[in-house]
Each structure stands twice: as C-alpha cells, then as structure tokens.
Amino acid sequence: MTEIVAVLDYGMGNLHSAAKALEKVADGQKIVVTSDPQVVATADRVVFPGVGAIRDCMRELASRGFDQAVREAASRGTPLLGICVGMQALMSHSEENGGIECLGVFPGNVVHFGERHSEFGDRLKVPHMGWNQVRQCQPHPMWAGIPDFSRFYFVHSYHVSGVPENQQAGTCEYGLEFPAAVCRGNVFAVQFHPEKSAPHGLTLLENFLRWAP
Amino acid sequence: MGLAKRIIPCLDVDKGRVVKGVKFESIRDAGDPVEVAKRYNDEGADEITFLDITASHEGRDTTLHTVERMASQVFIPLTVGGGVRTLQDIRNLLNAGADKVSINSAAVHNPEFVREAADRFGSQCIVVAIDAKKVSAESESNRWEIFTHGGRKPTGIDAIAWARQMTEYGAGEILLTSMDKDGTKDGFDIAVTRAISDAVTVPVIASGGVGTLQHMVNGVLQGGADAVLAASIFHFAEYTIREAKEYMVAAGIEMRL
C-alpha cells in the first residue's frame with residue numbers, strides 16, 4: 001500500500017516548499033498537504049512545518065484540531081518531523097508574543113536571542129538568517145549520509161532552550177549554543193529549513209521518509 | 001565556525017525571461033530563469049533573488065508561474081521582488097513558493113504596509129529594498145536619501161532613518177542598493193553599507209556596483225554586509241559563484257563551500 005505523508009497546512013503561508021522538497025525525494029510515498037486532522041490521524045508519516053509568529057501558529061493549529069492530532073501522532077508512534085516554528089510549537093512554552101503555551105511534546109522553552117556578540121565583539125544580527133553549521137551530538141538515522149558540521153539554512157529570532165541533553169540531536173552556535181535538532185522516539189524536529197537546505201536538507205528529508213523508529 | 005556570509009545572484013526577469021544577458025546570448029533574452037537559477041544553485045549560491053521587472057498586468061501571472069516552477073526545482077531560499085504592493089501580492093508569491101518578498105516603492109508610499117505584511121506573514125519573509133543615493137556635497141558629512149523610479153525620483157527621506165524605521169516596522173532584512181554605484185562595476189558604496197549595517201539589528205544585503213571579487217570581500221569586511229548581491233558578474237560568467245566563495249574564504253570570510 002502506498003505510504004501517506006501528511007504535511008500540515010494550517011494557513012500559515014509557505015508550507016508548500018516542504019511538500020515540494022518531499023516530492024522531490026519521495027520514493028513512491030504520496031505527499032498530501034492537508035488541513036484535515038483525520039488525514040493526520042491515519043497518515044503513515046507527519047510533517048509539521050511552520051513559519052511566522054507562534055501565537056498565530058498555535059491559534060490556527062487549535063482552530064483546525066491539529067494540536068490534538070499532532071500530540072496523538074507523537075504518542076501513537078507515527079514518525080513526526082517538526083520544522084522551524086513546527087519544532088518550537090512542540091516545546092512546552094514560548095516567550096514570544098508575551099508567552100504562549102505550546103504542545104509540550106518536549107520539555108523545552110522558546111526564548112529570544114536577545115543582544116549577543118560574536119567572538120570578535122560584533123553585535124550579532126537577529127533574525128539568525130543564513131547557512132550555519134550543525135554539530136550532530138548523537139548518532140541518529142536522520143543524520144545518515146550527512147557529514148557532521150554540515151551547513152543548513154536557518155531563519156529565526158527565537159531559539160529552543162532547556163531540552164535535556166539526551167533529547168538533543170544537533171546543536172548550532174550563534175552567540176550561544178542552542179538545539180538545532182531534537183529527538184524523542186518517533187519525533188524529530190529541526191530549527192533549520194531542510195526544504196531550503198539543498199543538498200543536505202534533501203538528504204535529511206529522504207532519511208525521514210525511510211525512518212522506521 | 002559559525003554563520004556564513006551569503007552570495008545572492010539576482011535575476012532580473014521580464015515576462016518570464018531573464019534579461020540583462022548571460023554569456024553568448026543576446027542582451028534582451030538571457031534564458032529561462034529556472035534554468036539560470038538551477039545553474040546558480042549547482043554552483044553553490046546561498047539564495048536566489050528574483051526581481052520581476054514586468055510592467056504589464058498579464059505578466060504577473062507569468063511571474064507566479066515561473067516562481068512556482070523554480071520552487072519545485074531549486075531547494076535554496078528564494079526572494080521575489082518587483083511590484084509587490086498588496087497583502088494579496090505577498091500571499092500569491094508565498095503560495096507560489098517564494099520564501100521572502102522584497103518591498104520597495106510600496107513601502108515608501110505607505111510605510112504601514114510593511115508593518116501589516118510583517119504582522120501577517122512574519123518578519124522572516126519581509127525584505128525591504130532601499131535604493132539610496134548620496135545627496136551631501138563633498139565638503140559636508142555623508143548623507144544619503146531614498147530614491148524611487150530606478151533612482152530618478154528623490155523622496156527627501158534620509159536612508160539611515162528609513163532603514164531604522166523599516167526594521168522597527170518589522171522588516172526582517174534590508175536589501176540596500178546604491179544608486180550611485182549600480183551598474184558601474186566600481187564596487188559597493190562602502191560608507192552607506194557600513195552606516196546602515198551599523199544602524200539596524202537585522203541582516204543587510206549589499207547591492208550595486210560589484211565588478212570584481214575583491215568588491216564582494218570589501219562589502220563584507222569594510223561595509224559590514226551579511227550578504228552580497230550581484231547580477232552581471234555571474235550572468236556574464238566572468239566568475240562562478242564557487243570562485244567568488246573561494247576568494248572570500250581566502251580573505252578570511254566564513255562561507256558555505
């Protein structure tokens with residue numbers, strides 16, 4: 001039977017690029033962009049992309065019943081990939097927009113970069129935008145074929161904090177070291193945009209389509 | 001190790017074709033933007049900027065279609081600018097597969113538009129393009145103003161104050177073009193690049209004037225730019241993006257190779 005990969009569409013802008021990149025690397029799987037939590041409930045794999053502000057993201061998720069659908073997919077054992085704000089929404093809490101409760105799949109917080117400086121004393125620009133290196137801090141099937149310290153494309157002003165070390169799959173440096181990838185059982189989530197990080201990002205998506213946690 | 005500086009080739013697109021010319025082809029028609037973007041992607045471009053210079057209304061649909069084709073084949077960030085005037089324009093471009101949109105004269109006519117756009121779609125996808133021209137005399141301290149209509153129409157707006165205002169309104173990035181240097185191949189206007197980079201907390205892309213690889217190095221090391229944008233130096237295949245990056249690495253700049 002054809003595997004169904006559900007890409008959550010909850011009205012937050014450019015979610016199609018994730019679907020297009022998945023289609024590029026798919027090997028027989030059907031990529032379905034959906035706003036229906038029922039499709040998520042029966043999908044073989046779930047991709048949870050996100051852009052924009054966390055307040056709008058959580059509101060749109062809830063209004064479509066996706067909050068419950070994502071939590072259930074996480075606890076049911078369905079391979080789940082969170083991207084960018086999708087990763088942040090999997091934490092317990094975000095300080096963006098005056099403080100927002102998130103889905104609590106990971107026990108972390110989302111905090112602003114604040115004013116930070118490079119090792120040379122320059123003030124670092126926020127958003128953290130561009131290609132930065134990811135240190136793979138534990139082996140994981142999602143890293144297959146991707147060299148350690150490969151560069152991925154980031155664009156974000158808030159970062160995840162407080163995730164236990166054994167749930168960190170990769171870290172990145174930008175004024176401080178922060179989790180760039182987190183993992184827990186069947187859930188993997190990344191702060192960067194694999195769909196915009198050719199070629200290694202496409203390898204990561206390919207790994208996700210093969211992943212059997 | 002850390003965040004790399006970026007090289008962004010810019011495609012000027014008219015009615016679905018790249019203009020300004022690439023090597024061995026006529027000036028008016030330099031090829032299919034998707035093919036050109038793919039080539040740049042293969043050479044290691046960090047992003048692609050697509051500037052729509054189509055004047056006609058029908059042309060806009062062609063643009064959306066081109067963006068759609070590009071986004072399904074090129075998996076690096078894509079910024080689209082030119083004629084972005086309404087929230088619906090932005091939504092259409094994002095839905096077609098653009099990652100960021102660049103707003104220029106619509107911001108000058110109505111600064112609130114930038115605030116609305118950032119509120120609705122997030123600062124991460126709102127680039128404000130600034131066309132600046134030096135207006136101070138030799139004996140005075142440097143002052144630059146915003147110009148519209150390809151550098152012909154002065155607005156009386158101070159470029160540095162404008163850059164600050166636009167980031168306060170939610171611009172996630174500034175694309176700064178020196179109208180004095182654009183097309184000259186004399187190098188960036190380093191002074192305005194440095195002034196604006198120091199004035200704002202968001203990344204600044206330097207544009208206008210690149211003629212040599214050393215100009216790109218100067219834009220980053222002297223101008224403080226986070227990214228450099230260039231068109232003709234790559235279109236005419238004087239240098240590949242890979243060569244440009246190797247040159248910048250040799251100058252001590254962190255790049256993605």
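1. Two strands are taken to pair if DSSP finds at least two bridges between them. Helices (H or I, at least four residues) and strands (E, at least two) are DSSP runs, numbered from the N terminus. In β11(A), Ser161(A) is the bridge partner of Asn109(A).

2. The model is predicted: local features need pLDDT of at least 70, side-chain atom pairs count only at pLDDT 80 or more, and totals for chains, interfaces and linings use all residues. Residues are numbered from 1 along each chain as its sequence is written, chains are lettered from A and ligands numbered from 1 in the order in which they are written, and side-chain values use heavy atoms, with hydrogens and water left out.

3. Chain A contains an open sheet of 4 strands, ordered β6-β5-β7-β11, with mixed pairing. Its edges are β6 (100-101) and β11 (158-161) of chain A; each has a single partner strand, so one side of each has no neighbour in the sheet. Strand β7 (residues 109-112) of chain A pairs with β11(A) in the antiparallel sense over 4 bridges.

4. Strands β13 (residues 177-184) and β14 (residues 187-190) of chain A are antiparallel and share 4 bridges. In β14(A), Phe188(A) is the bridge partner of Cys183(A).

5. Axes are lines fitted to C-alpha atoms, for helices over the stretch in contact (heavy atoms within 4.5 Å), and angles run from 0 to 180 degrees between N-to-C directions.

6. In chain B, the axes of helices α6 (residues 159-168) and α7 (residues 190-199) come within 9 Å and cross at roughly 35°. Ala159(B), Ile160(B), Ala163(B) and Arg164(B) of α6(B) meet Ala195(B), Ile196(B) and Ala199(B) of α7(B).

7. Thr66(B) belongs to helix α2 (residues 57-71) of chain B. Thr66(B) has a relative accessible area of 3% and is therefore buried (under 20%). Apart from neighbours within four places in sequence, Thr66(B) contacts Gly16(B), Pro33(B), Val34(B) and Phe50(B).

Methods. Buried < 20%, exposed > 50% of the residue type's maximum accessible area, 1.4 Å probe, protein only.
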